[in-house]
Amino acid sequence: MQFFFLYLEGEQQSTQERTMSISTSPSSVLTPKLHYDNDGDAALLTAVNDEHGGVIVEMKDPMNSTDFSISLKASLTNWKKQGIKGGWIKLPIKPANLIEVVVHDGFLYHLAELTYSMLVRWLPNTQHTIPANSSHKFGIGAFVMNDNREVS
């Protein structure tokens with residue numbers, strides 16, 4: 001099946017036409033358009049900088065895995081050029097179809113919670129400095145007693 005999309009961009013109201021083929025099987029996750037920047041290149045994934053020289057991508061909606069793979073590869077190339085150290089991708093349950101793509105591109109699981117997984121990839125050609133995720137939580141309690149064995 002072929003879909004044709006007309007894009008209106010910016011103040012110039014220039015138009016671009018893109019085509020794509022998609023599967024119509026009910027098991028596939030469909031996103032009805034590819035994302036491109038103004039030069040026609042695959043759009044980069046939206047990311048925020050972290051405090052340690054890395055970036056964090058938080059996927060919120062399902063996306064076609066082929067489109068995601070194209071954007072991820074373009075983003076990785078861009079991040080390496082910028083000197084970004086670590087790429088983090090937070091994948092909730094809904095776009096879980098993207099996990100295979102992320103792992104194929106060298107990301108490793110860092111943590112898994114009930115509603116999402118966090119994967120990470122060290123980008124420089126150096127030994128990574130990403131700490132392991134904590135596996136246990138514990139607490140410490142204390143109280144002070146006076147000479148009469150009363151809690152102060």
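Student: Which residue stands opposite leucine 119 in strand 7?
Tutor: Tyrosine 109 stands opposite leucine 119. Before going on, note that this is a predicted model, in which local features need pLDDT of at least 70, side-chain atom pairs count only at pLDDT 80 or more, and totals for chains, interfaces and linings use all residues. Residues are numbered from 1 along each chain as its sequence is written, and side-chain values use heavy atoms, with hydrogens and water left out.

Student: How many bridges link strand 6 and strand 7?
Tutor: Strand 6, residues 108–112, pairs with strand 7 in the antiparallel sense over four bridges, where pairing requires that DSSP finds at least two bridges between two strands. Strands here are DSSP runs of E with at least two residues, helices are runs of H or I with at least four, and both are numbered from the N terminus. Strand 6 and strand 7 also form a hairpin, with three residues between them.

Student: And what about strand 5 and strand 7?
Tutor: Strand 5, residues 86–92, runs antiparallel to strand 7 and is joined to it by seven bridges; tryptophan 88 stands opposite valine 120 in strand 7.

Student: Why is strand 7 largely enclosed?
Tutor: Strand 7 covers residues 116–122, and because six of its seven residues are buried, the rest of the structure largely encloses it. Buried means under 20% relative accessible area, with a 1.4 Å probe and protein chains only.

Student: Switching topic, in what order do the elements come?
Tutor: The protein chain has two helices and seven strands, running β-β-β-β-α-β-α-β-β from the N terminus on.

Technical notes. Buried < 20%, exposed > 50% of the residue type's maximum accessible area, 1.4 Å probe, protein only.
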